[in-house]
Amino acid sequence: MGNHALATNSVVFRHANLEITTHGSDWYYTVCAIMGLSAILVMAHSFTKHQTQRFFHHVTAVLLFVASVSYFSMGSNLGQVPIPVEFPRPGSSQVFAAGTREIFYVRYLDWVVTTPLLLVDLLVTAGVPWPTVIVTILADEIMIVCGLVGALTRTRYKWGYWTFGMLAFFYVVYSLLVHGRRGANAFGGTVKKTYYACGVVLVTIWFLYPIAWGVSEGGNVIHPDSEAVFYGILDVIAKPVFSFILLWGHRNIDMNTLGVGVPAIGQAAARLHEDEKHHHHHHHNGQQAGTTSAVQPEAAAHINGANGTQSTAA
């Protein structure tokens, strides 16, 4: 049974002169399967950990699942829009003289969810404070949005968005290399090794994405099938490969050490019950002490009054 996704979905929305072929669709579906299988494996492995130690498993499984949905959409030739190209290339054997190129906006919807989760995985591993994590995520979101707006822009102004996106990207890299490395060095041991291994993979791969954008959505240099292979390889390394290295490193790291440990089901309720008992006992003792303090002055006044009466009689 062949791949009929392109023919079936040709009636959905408008299509560009230059779009993926069945080869590109097959590759997108392959990456979809890799992402989906990886998400299942991560969730299955999470059940080997105590429920209080599954933070990174859950974050990682979610980002892999979202990526799987994204690649299913692209393999089905959905979540795309035709955009007039800035650089028609009549002499190119890759893109020919196509006037419009297929832009997958669903890819950016994927990234706007998955890249912050990758940063959470990495920065929380190093024990980076949450305010710093949040600022880094905001810079990452700016980077992704600029990439999307640039991809949807026909004129040379798209490169302005590329530049803004790169500035945001450099801040993300700065945060990883400075704040993250500082935190990892403070922990040392397994935390440091895990952070360095994952950090090298992520930073190296992320530096290739602007290049992929430049020869695909930006410069219209390579065919959408080649674009699919380029981005697909990067995403497989940046997500499943990164995730397995991360979780392997976390096998001997206690979540409480990183400040993300949570109490088991029942423990939180028991702790709350104990706190309420302690508060009630303290409040009761306070009332007793207050009553005693109030009675003592009255008794003293009564005694003093009696003594005064006796003195007068004498």
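These legends describe close-up views of one predicted model. Residues are numbered from 1 along each chain as its sequence is written, and side-chain values use heavy atoms, with hydrogens and water left out. Because the model is predicted, local features need pLDDT of at least 70 and side-chain atom pairs count only at pLDDT 80 or more, while totals for chains, interfaces and linings use all residues.

**View 1. The largest nonpolar core.** This core has 67 residues. A nonpolar core is a set of buried Ala, Val, Leu, Ile, Met, Phe, Trp, Tyr and Cys residues joined through side-chain atoms within 4.5 Å; buried means under 20% relative accessible area, exposed over 50%, and partly exposed in between, with a 1.4 Å probe and protein chains only. Phe56, Tyr71, Leu176, Trp206 and Tyr209 have the most contacts inside the core. Helix H4 (residues 105-125) gives the most to it, with 10 residues. Helices (H or I, at least four residues) and strands (E, at least two) are DSSP runs, numbered from the N terminus.

**View 2. The surroundings of tyrosine 71.** Contact means heavy atoms within 4.5 Å. Beyond its neighbours within four places in sequence, tyrosine 71 is in contact with Tyr28, Val31, Cys32, Met35, Asp110, Tyr231, Gly232 and Asp235.

**View 3. The largest cavity.** A cavity is a set of points, on a 1 Å grid over the protein atoms alone, where a 1.4 Å probe fits but cannot get out; lining residues have an atom within 4 Å of a point. There are 2 cavities of 30 Å³ or more, and the largest holds about 330 Å³ of space, a volume being the space filled by probe spheres set on the points, which are joined across faces, edges and corners. Its lining has 21 residues, and Trp111, Met143, Ile144, Tyr209 and Pro210 lie nearest the centre. Helix H6 (158-187) supplies the largest share of this lining, 5 residues. By class, the lining has 16 nonpolar, 3 polar and 2 charged residues (Ala, Val, Leu, Ile, Met, Phe, Trp, Tyr, Cys and Pro count as nonpolar, Asp, Glu, Lys and Arg as charged, and the others, Gly among them, as polar).

**View 4. The second largest cavity.** About 50 Å³ of space lies here. Among the lining residues are Ile83, Arg101, Lys158, Glu217 and Asn220. Strand S1 (80-84), strand S2 (100-104) and H8 each supply at least two lining residues. The lining divides into 5 nonpolar, 2 polar and 4 charged residues.

**View 5. Two aromatic pairs.** The model has 14 aromatic pairs. Rings of Phe, Tyr and Trp (its six-membered ring) pair if their centres lie within 6.5 Å; planes under 30 degrees apart count as stacked, over 60 as edge-to-face and the rest as tilted. Tryptophan 111 and tyrosine 231 are edge-to-face because their ring centres are 5.5 Å apart and their planes are at 65°. This pair links helix H4 with helix H9, 120 residues apart in the chain. Tryptophan 111 is buried at 7% relative accessibility, and tyrosine 231 is buried at 0%. Phenylalanine 169 and phenylalanine 207 are also edge-to-face, at 4.9 Å centre to centre and 80° between the planes. Phenylalanine 169 is buried at 2%, whereas phenylalanine 207 is partly exposed at 37%.

**View 6. Serine 216 in helix H8.** Serine 216 is buried, with a relative accessible area of 0%. Not counting residues up to four places away in sequence, serine 216 touches Arg101, Ile222, Glu227 and Tyr231.

Technical notes. 1 Å grid on protein atoms, 1.4 Å probe; cavity = no way out; pocket = protein on both sides within 12 Å on 5 of 7 lines; lining within 4 Å.
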